[in-house]
Amino acid sequence: MTEQHIWKSDLKMLIMLTIGACIMAFNLRSFVNTGGLFPGGFAGITLLIQRSASRFLHIAIPYSLIYLPLNLIPAYIGFRFIGKRFTICSFYVVFLSSFLTDVLPEIAITYDTLLISIFGGILNGVSISVSLIAGASAGGTDFISIYFSEKKGIDTWNYIFLANVCILTLAGILFGFDAALYSIIFQFCSTQVIQMLYKRYQKDTLLIITSKPREVYEQIRISTHHDATLIEGEGCFEETPRHILYSVVGRGEVEHLMQEIRAIDEKAFINVIQTEQVTGRFYRRPTE
């Protein structure tokens, strides 16, 4: 990659991370604040501490004064086990989003709590997804989720959702369960958006019946760096030999790969099967 391409790639990444941080801060100052919600994760813990200090101690604590220190331990996990560049870029998102949350004015778009829960959750999922796609994270539990995803090779966002329910239960005890239950809707919408947009840890199994197995295999190897297994079979109707390629690839690679296979063999029969977990050697593109 040339120096110019690297510079453009870094600039694109910086722009995406800035957009993600801005969306996150805007969401906190609009939907989350208006609805009195708790978004889960470290942002939810920060708001829980903030609002508890305001209600019970009558002390106003800036968002960044709580959120930044909370992220130090997850940042260490990211720095130690995920990657230095990834962690530095992630902390940029953490710092910018917390700073903007303190300085942006409160914005009430709607007072309907259900609408706030749904659209606020969607915005939260978009902000996190933009950061992840750019090659960083939004901080907090994202570090932990990515760490376990890298180690176990599975999508852990639903597990993080369950952990957030525990935080929201405590928020319900302190501030009423209406806000906590609406916050669960918020978090559910957020989790679904992340799973829809960010597919790094999701996998699909491809069963490809083709008359050009070697050419198709080479395309799989070049495009995805994944291997394949050739199975010799027989077409039952015509009683003719059939070549079947079996391969597991990342879900985000499937669409492009299918187009490439069609270009090689337009009559290829491709069956895509959702894969929950893979044990054994499976190539995963480096985080950085």
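Student: With which residue does R221 meet in a salt bridge?

Tutor: R221 makes a salt bridge with an N to O distance of 2.6 Å, the term requiring a side-chain nitrogen of Lys or Arg within 4 Å of a carboxyl oxygen of Asp or Glu. The model is predicted, so local features need pLDDT of at least 70 and side-chain atom pairs pLDDT 80 or more, while totals for chains, interfaces and linings use all residues. Residues are numbered from 1 along each chain as its sequence is written, and side-chain values use heavy atoms, without hydrogens and water. The side chain that meets R221 is that of E218.

Student: By about how much of the helix are R221 and E218 separated?

Tutor: Both residues belong to helix α10; helices are DSSP runs of H or I with at least four residues, strands are runs of E with at least two, and both are numbered from the N terminus. R221 and E218 are 3 residues apart, so their separation is about one helical turn.

Student: Are R221 and E218 buried, partly exposed or exposed?

Tutor: Buried means under 20% relative accessible area and exposed over 50%, with partly exposed in between (1.4 Å probe, protein chains only). R221 has 37% relative accessibility and E218 has 33%. R221 therefore counts as partly exposed, and E218 is likewise partly exposed.

Student: How many residues apart are the partners R29 and E106?

Tutor: R29 forms a salt bridge with E106, with 3.9 Å between the closest N and O atoms. R29 is buried at 18% relative accessible area, whereas E106 is exposed at 55%. R29 lies in helix α1 and E106 in the loop between α5 (84-103) and α6 (113-134), a link between distant parts of the chain. The number of residues by which they are apart is 77.

Student: Where is N27, and what is its relative accessibility?

Tutor: N27 has its place in helix α1, residues 3-35. Leaving out residues up to four places away in sequence, N27 touches V32, G120, L123, N124 and F186, contact meaning heavy atoms within 4.5 Å. N27 counts as buried because its relative accessibility is 1%.

Student: What is the order of the strands in the open sheet?

Tutor: Strands of a sheet pair through backbone hydrogen bonds, either parallel or antiparallel. Here the pairing is antiparallel among 4 strands, a pair requiring at least two DSSP bridges between two strands. The edge strands, each pairing on one side only, are β2 and β4 (269-275). The order of the sheet is β2-β3-β1-β4.

Student: How many bridges join β2 to β3?

Tutor: Strand β2 (residues 229-235) runs antiparallel to strand β3 (residues 240-250). The two form a hairpin with 4 residues between them, and E239 in the turn has a positive phi of about 55°. I231 has I244 of β3 as its bridge partner, and G235 stands opposite T240 in β3. The number of bridges between β2 and β3 is 7.

Student: At what angle do helices α3 and α4 pack?

Tutor: Two packed helices are described by the angle between their axes and the distance between the axes. Axes are lines fitted to C-alpha atoms, for helices over the stretch in contact, with angles from 0 to 180 degrees between N-to-C directions. The axes of α3 (residues 63-70) and α4 (residues 72-82) are 5 Å apart, and their angle is about 35°.

Student: Into which class is the pair of rings F56 and F175 placed?

Tutor: Rings of Phe, Tyr and Trp (its six-membered ring) pair if their centres lie within 6.5 Å, with planes under 30 degrees apart counted as stacked, over 60 as edge-to-face and the rest as tilted. F56 is in helix α2 (residues 41-56) and F175 in helix α8 (residues 157-175), 119 residues apart. F56 is partly exposed at 47% relative accessibility, while F175 is buried at 19%. The ring centres are 6.3 Å apart and the planes are at 45°, so the class is tilted.

Student: Which residue is linked with F56 and F175 into a cluster by ring pairs?

Tutor: The count of aromatic pairs comes to 4. Ring pairs link F56 and F175 into a cluster with F38.
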